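Have the 3D view open as you read.

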Amino acid sequence: MMPAPVGDVKTSGSMPRSTTPTKQQHHQPQRQQRPLAVTLALQSLAEFYGMFVFIFLSLAGVQSAVFQGPAPTALLQISLVFGLALTTAVWLTFRISGGALNPAVNLGLLVAGAMDPVKAVAYTFAQCAGAVAACAAVAAVIPGSHGKAFFGANAVQAASDGSAACSPAQAFVLEAVLTMGLVLVVLFMAVDKHRATFMAPLMIGLYVFIAHLISIPYTNTSINPARSLGASVVSGTWNDHWIFWAGPFTGAVVAGLIHRFYKAVDYESLNPGQDADEAEMV
């Protein structure tokens, strides 16, 4: 049953109908109207500085870990800083731009029907620019070590005996699968609104932490083409760079199609009541 509208509440006897504004009406802000181009520019700016914060913190953490020399905790340290930095950056920007902060996420949302092409392109340029600027800032303010000025570029890594840790094909599949999972988390946790949506930045960061634990030894973990571009521009390392666009984009497309499929079959009805509280379940 739809609730009666405010000001038209049914009462017994001759009591007048209530016309008292609700608390929600008192506090509802007047939204500013602006041209769509201005809105997109402001959102893209948020994607730029959100990406800058994410990549600066993350790649600065990489330089710090490398500076301390080989240590059993380096993998954990780098994975943690990527996960926590992304959590922070998403929370910083999601109320302005949605906190996509990843060209692969843009593509996944585009395929899922949750982002229009113009916004996807604008966000991608802003994210790439933010990543390049952040990597340049890291290289400028943090001293190099071990004969190199900057660490963190993505490439197929070498094993302890000097051979490749994995093949380019394996690296491609690894990046595709890990990015698919990331985009699915974004779609089902952040894009689809529910009682747990407020935790989406934390879940996204947790996923990125796990992904780095898995794939740093093999690819240095991209799952974000803008992150790879920024590190390659600053370091001059372009080995296997195509993998870190093709892999994440492939995974993003698959994730977008999976989300479309489940929306088409009304997935919320498959396991109803997950967002209900006790009052709604009685």
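## Aromatic rings and cysteines

Start at F82, which is buried, with a relative accessible area of 2%. Keep in mind that you are looking at a predicted model. F82 counts as buried because its value falls under the 20% cut-off. Now turn to F54: this residue is buried as well, at a relative accessible area of 4%.

How many aromatic pairs does a search of the whole structure find? The search comes back with six. One of them is formed by F54 and F82, whose ring centres are 6.2 Å apart with 80° between the planes, an edge-to-face arrangement. This pair links distant parts of the chain: F54 sits in helix α2 (residues 36-67) and F82 in helix α3 (residues 74-93), 28 residues apart.

Another pair to find on your screen is F261 with Y262. Here too the geometry is edge-to-face, with 5.2 Å from centre to centre and 75° between the planes.

Finally, have a look at the cysteines. C128 is buried, with a relative accessible area of 12%, and C135 is buried too, at 0% relative accessibility. As for disulfides, a search of the whole structure finds zero.

Methods. Residues are numbered from 1 along each chain as its sequence is written. This is a predicted model: local features need pLDDT of at least 70, side-chain atom pairs count only at pLDDT 80 or more; totals for chains, interfaces and linings use all residues. Side-chain values use heavy atoms; hydrogens and water are left out. A disulfide is a pair of cysteine sulfur atoms within 2.5 Å. Buried means under 20% relative accessible area, exposed over 50%, partly exposed in between (1.4 Å probe, protein chains only). Rings of Phe, Tyr and Trp (its six-membered ring) pair if their centres lie within 6.5 Å; planes under 30 degrees apart count as stacked, over 60 as edge-to-face and the rest as tilted. Helices (H or I, at least four residues) and strands (E, at least two) are DSSP runs, numbered from the N terminus.
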